[in-house]
Amino acid sequence: MAKRGSRRKAAASRKTEKAKPTGWRLWFRRLFIWGSGFALLGVLFLGLAVVFAARSLPSYQDLKATQNAQTIIVRARDGTEIVELGPTFGKWLDSDEIPQVMKDAMISVEDRRYYSHFGVDPIGLARATWVWATGDKRFGATSTITQQLARNVFLNSNRTLDRKMREAVLAMAMESKFSKEQILELYLNKVYFGGGAYGIDSASRKFFSHPATELETAEAAIIAGLVKAPSRYSPTADVQAAVDRAQVVLRLMKEQDRIDPSVTVDPATVNLKEDRGQNSVRYFTDWALPQLDLLLPETFEPIEVWTTLDVGMQRTAAASIKSNTPDGAQGALVSLDRDGAILAMIGGTDYVETNYNRATDAVRQPGSAWKLFVYLAALESGYTPEAPVKDVQTTIDGWTPRNSNGRYAGEIDVRTAFAYSKNTVAAQLGYEVGFGTVASMAKRFGITTPIQTYPSMVLGSSETRVIDMTRAFAAVSAGGNSVDPYGIVKVTTAGGETLYEHERKRATRLVPEYVAAGITDLLQTAVNTGTGRAAQIGRPVAGKTGTTSSNKDGWFIGFSSGITTGVWMGRDDAKRVGGLQGGRAPAQAFAAYMRYAVKDRPIEQFNTELKLPEWQLEPDDEFYFGDPEDYYYIDEQGNLIEPGLGDGERDPDFSVEGGEQPGNAADRPQVPENNAPPAASDDFLDQATGERPTAPVERPAQRAVQPTPPSPRPSEQAQPPTR
């Protein structure tokens, strides 16, 4: 018995040892047990995460009311909508209002197992993992419609594992809290379709001009195809790309039996909404809308911005610049109404190619258009359009300007010198009134860029902006009163509440009326008989051409019937443009635009009558001022100031080329007791204009690198010339 019992124990022991796993079986068993345990813990934690996420989710009604950003509708001066910026959401469509074909198209292309998964598609995830593991470096195509909705509403688009995990948790939480129909309704009303359109109703109205409730099969296929890459497949950007993508959607719908395979649908036959938005309008909106940050309190509600822009003028301006600008060059245009309202703004030939606004941001040399300020200063100091000047070779501080044709006309009047843009006369006038005085005049008329005061500044060597030059000419059109450009008339909420309304600034008189009348006389002559003849439009026009050296820049700026328009053309790299002159392409573009701009306005004659101040009248009133042989000068207000002469006195800073002042002591201009600078003598003018030869000027070697010479003292700016 004992032996039999021991044998049984030994057999049982051997059976136990044989059943006990060893080697790889032991490790596999342990791995399975531990893996199962970790999997259970993972499922437990995931379940808890989903539960907590579901409890923290907003309600369905809150999600419906959520919008992501502010919508801005920009309106022209007549109230028509010219552009809509920011997201547009259209009308919210309930699930039963959304066409079934739209639902089927979206599910077919974005999530074919939408109704069978729980927020995350295990089959799709496994397939994506297999593709990635077999060589595709990119791990994607795993987001369901629910995951996309979670990402759009709660997360960002970063391609990180952490974001994908949170996206999956939120998707399952949404599936546990909302029905499939609710999720699909949220998705179709919130997904981005490009062009600022969020939701199918906004997309349908943008691309097809009708609400989403009227979508047909081909239209639904186009919209569903946009989600993958809205900018690439947008029908307003690339019609063929949109059609090709829609064909893919239709094929998937047929494969999944969501439409009858025998039905023939051609997306190419869809009538797309005409793109009424002019891309040139964006130059204006890019300039005007940033001003809202200063004009409005912080707000995120939709707003409507009523602007000064005229749609017809803007379209005409764009066409005139595009058709007249030389090949390889760019063009810019700014047009102002008499109160400063911007009627049209073109910053380049094509906004899509380049959105750089050359009308407001670029600084270029204005060439002879700058002579506006030279002649304004001369007229204010005592010149008249009929005053005689000499077009002769002139040298000032070692600088010898030449006329564009290389010829000299001799003795002419101011009007003729301006009309034919005589550089020599402009140089003489600038020297006489003071280069600082010219710079001060430019600043007075709204030039905001730095201005040098070297002699060559009279020919436009200082860079400036198109909008600033146009503003200056608009001030002349306004009779010498300041003009402030503006583009926003008012801002309202979508409900009509006014948030901002433009108030016209009080105008400041920049120059006396007789100066404005005189410069208008000169500007009109430049168009009638001078360099600006190409700008004629069959009614009075006043303006000035400008051409820089080597034809790098061409300008024409002028006004008629209360509208002032400035045109610039040139290359962005400042290289030479063959044949570019202010009196040709820019003047032609000006005329093409202005014929349309003023067509509904009455013809206005310019005020060119000079009602001179008392101090500037001729000998009939000389008794009022005393002995005409006495030297006198005029202060900034035009008042006569007694000189208080002193023999032999002179301003030590006053000199001309050749060293000493010309003439004997009796002929020299005397310095008043208040140290006002003297007027230029006839001898000086003879030397400056070349009538009397002058000795070469010896200048210090460092003169070439000296900073800009200082502006003259205020009293010098008001001093009339002695002629």
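Reader: Which residues in α6 meet which residues in α8?

Author: Ile145, Thr146, Gln148, Leu149 and Val153 in α6 meet Ile183, Leu184, Leu186, Tyr187 and Lys190 in α8. Contact means heavy atoms within 4.5 Å. Helices are DSSP runs (H or I, at least four residues), numbered from the N terminus. The model is predicted: local features need pLDDT of at least 70, side-chain atom pairs count only at pLDDT 80 or more, and totals for chains, interfaces and linings use all residues. Residues are numbered from 1 along each chain as its sequence is written, and side-chain values use heavy atoms, with hydrogens and water left out.

Reader: Why are α6 and α8 called oblique to each other?

Author: Helix α6 (residues 145-154) and helix α8 (residues 180-190) pack at about 55°, with their axes 10 Å apart. Axes are lines fitted to C-alpha atoms over the stretch in contact, and angles run from 0 to 180 degrees between N-to-C directions. Under 35 degrees is roughly parallel, over 145 roughly antiparallel, 65 to 115 roughly perpendicular, and the rest oblique. So α6 and α8 are oblique.

Reader: What makes α4 roughly perpendicular to α8?

Author: The axes of α4 (residues 100-110) and α8 cross at roughly 90° and come within 12 Å. Therefore α4 counts as roughly perpendicular to α8. Here Lys103, Met106, Ile107 and Glu110 in α4 meet Glu181, Leu184, Tyr187 and Leu188 in α8. By class, this contact of α4 with α8 has five nonpolar, no polar and three charged residues.

Reader: Why does Ala592 count as partly exposed?

Author: Buried means under 20% relative accessible area, exposed over 50%, and partly exposed in between (1.4 Å probe, protein chains only). Ala592 has 32% relative accessibility, so Ala592 is partly exposed. Ala592 lies in helix α22 (residues 585-597). Leaving out residues up to four places away in sequence, Ala592 touches Thr316, Ser320 and Asn324.

Reader: Which residues touch the most other members of the largest nonpolar core?

Author: Trp370, Phe373, Tyr375, Phe445 and Ile519 do, in a core of 83 residues. A nonpolar core is a set of buried Ala, Val, Leu, Ile, Met, Phe, Trp, Tyr and Cys residues joined through side-chain atoms within 4.5 Å. Apart from that core lies another, of 52 residues, including Phe208 and Ile222.

How values were computed. Helix = DSSP H or I, 4+ residues; strand = E, 2+ residues; numbered from the N terminus. Nonpolar A, V, L, I, M, F, W, Y, C, P; charged D, E, K, R; others polar.
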